Amino acid sequence: MLQVSHVNKAYATPRGPLEVLSDVTLTLTPGDAAAITGPSGSGKSSLLYILGALEPPSSGTVTLGGRDPFALSANSLADFRNAEIGFVFQDHCLLPQCSVLENVLVPTLVGAAAAHADDVASRARSLIEHVGLGDRVEHRPGELSGGEKQRVAIARALIREPGLMLCDEPTGNLDHVSASMVASLLLDLHQRQQNILIVVTHSTTLAAQFPIRFEIVGGRLTREG
Ligand SMILES: Nc1ncnc2c1ncn2[C@@H]1O[C@H](COP(=O)(O)OP(=O)(O)OP(=O)(O)O)[C@@H](O)[C@H]1O
Ligand SMILES: [Mg+2]
């Protein structure tokens with residue numbers, strides 16, 4: 001379960017604190033798929049960074065599976081993030097010098113998963129098949145289309161079966177055919193893995209496919225559906 005309680009976030013700036021999130025509270029359970037929409041600058045990415053334990057809140061609490069990531073040491077936090085949280089960003093963030101297969105395997109190179117190299121390699125191949133790139137396994141990111149790169153990013157985010165999958169504008173750079181393919185894949189893999197899926201998007205078409213919908217305006221989160 002993901003529990004976010006009274007989270008506030010202010011960034012320190014030369015002109016004083018900039019308040020970006022105000023009293024955000026939400027609870028999601030495994031199997032939930034939620035979209036977050038809102039105007040540019042309303043705090044959507046800031047919220048995802050906090051949910052993904054990349055940025056601490058200024059106040060309030062976040063727990064995932066009953067654990068508060070911000071109470072962990074730096075090393076434990078890195079392990080926690082790697083094992084429990086999958087990220088997909090608008091820009092795929094793949095390693096350009098590595099193949100599709102190697103990119104998908106990156107999250108497994110550290111921690112406990114490294115011990116089961118054969119298992120993870122076959123899992124990676126089956127995820128790559130599942131995202132429709134079975135015949136692109138040895139391609140480098142530079143040899144893939146934008147939609148294909150994003151599908152690799154999805155496979156990479158899911159390789160360790162994280163309980164929480166966070167996507168920031170995953171279809172933002174894609175044409176509508178690729179965007180709808182990536183959206184279907186995200187929802188399909190979410191159904192199979194029964195994780196918590198949260199997608200930030202400007203696309204009303206994408207948001208409409210989610211059973212749970214939130215809107216952020218001026219740092220305040222409200223549930224729309
Ligand atoms: N590290 C930072 N330091 C200071 N201000 C920041 C920082 N990161 C974001 N901001 C500011 O916080 C506000 C919210 O930013 P955020 O990136 O969360 O918006 P967003 O809703 O994701 O917008 P977009 O739809 O354009 O991606 C913005 O006004 C931004 O300028
Ligand atoms: Mg953003």
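Reader: What makes E8 and E9 a pair?

Author: Strands E8 (residues 212–217) and E9 (residues 220–223) are joined by 4 bridges and run antiparallel. Two strands pair if DSSP finds at least two bridges between them, so E8 and E9, with 4, count as a pair. One bridge links Ile-216 to Leu-221 in E9. The two strands form a hairpin with 2 residues between them. Gly-218 in that turn has a positive phi of about 55 degrees.

Author: A word on sources. This is a predicted model, where local features need pLDDT of at least 70 and side-chain atom pairs count only at pLDDT 80 or more, while totals for chains, interfaces and linings use all residues. Residues are numbered from 1 along each chain as its sequence is written, and chains are lettered from A and ligands numbered from 1 in the order in which they are written.

Reader: Why is E4 called an edge strand?

Author: The open sheet has the order E2-E1-E4, with antiparallel pairing. E4 (59–64) pairs on one side only, as does E2, so both are edge strands. E1 is joined to E4 by 5 bridges. There, Val-4 stands opposite Val-62.

Reader: Why does Lys-44 count as charged in the shell around ligand 1?

Author: Lys-44 is among the residues around ligand 1, which means that its C-beta atom, placed from the backbone, lies within 6 Å of the ligand. The shell divides into 3 nonpolar, 8 polar and 1 charged. H1 (44–51) gives the most, with 3 residues.

How values were computed. Ala, Val, Leu, Ile, Met, Phe, Trp, Tyr, Cys and Pro count as nonpolar, Asp, Glu, Lys and Arg as charged, and the others, Gly among them, as polar.
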